[in-house]
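Here are my notes for you, written as numbered points. Keep the model open while you read and look up each residue as it comes along.

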Amino acid sequence: FREKKKEVMKNLETVIRRKSTEKSDISFHLREEDKAIPSGKGTRVKTTHYIECSVGNADGGKNTVSAMEAGELPRRLQDLEGIKYLISEDEYNTKRQEILNAV
């Protein structure tokens, strides 16, 4: 499974890099986020991969669009709340802010 995942990610990175060079005002980026999930056997880590797209605008700046699905924000905040007891208050606050900034 790990080898197949590495192969898929490498191919995805190649496509993203190629697509980003096709137009000067659009670029794509891979982002991954790890989430600790409590389970009966301890804590496991779930990694979510995102493709972000930055689009140039009229003033030369960039607008970043994340692939966050509708309803994902409340779910991610609820998941974080569920593991709050496993992490420090600083880690919790940092992660919460990261989630809110991803919108």
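1. Start with the largest pocket, which is lined by Glu-33, Asp-34, Lys-35, Ala-36, Arg-76, Asp-79, Leu-80, Ile-83, Ile-87, Glu-91, Lys-95 and Ile-99. A pocket here is an open set of points on a 1 Å grid over the protein atoms alone, where a 1.4 Å probe fits, with protein on both sides within 12 Å along at least five of seven lines; lining residues have an atom within 4 Å of a point. The space in this pocket comes to about 160 Å³, counted as what is filled by probe spheres set on the points.

2. One thing to keep in mind: this is a predicted model, where local features need pLDDT of at least 70 and side-chain atom pairs count only at pLDDT 80 or more, while totals for chains, interfaces and linings use all residues. Numbering runs from 1 along each chain as its sequence is written, and side-chain values use heavy atoms, with hydrogens and water left out.

3. Who supplies the lining? E1, H2 and H3 each give at least two residues, and E1 has the largest share with four. (Helices, H or I of at least four residues, and strands, E of at least two, are DSSP runs numbered from the N terminus.) By class, the lining has seven charged, five nonpolar and no polar residues; Asp, Glu, Lys and Arg count as charged, while Ala, Leu and Ile are among the nonpolar ones.

4. Now pick out Lys-35, which sits in strand E1 (residues 26–39). What does its side chain pair with? A polar contact of 2.6 Å links it to the side chain of Asp-79; such a contact is a pair of N or O atoms within 3.5 Å, one able to donate a hydrogen and the other to accept it. Leaving aside residues up to four places away in sequence, Lys-35 touches Arg-44, Val-45, Lys-46, Arg-75 and Asp-79, where touching means heavy atoms within 4.5 Å.

5. Next, turn to helix H2 (residues 72–82), whose buried residues are Glu-72, Arg-76 and Leu-80. These lie on the same side of H2 because they cover an arc of only 75 degrees around the axis, judged by the directions from the helix axis to the C-beta atoms. Pro-74 and Gln-78 are exposed on the other side. Buried means under 20% relative accessible area and exposed over 50%, with a 1.4 Å probe and protein chains only. The cover over the buried residues includes E1, strand E2 (42–56) and helix H3 (89–101).

6. Finally, zoom out: the protein has three helices and three strands, in the order α-β-β-β-α-α. Of its 103 residues, 17% are buried.
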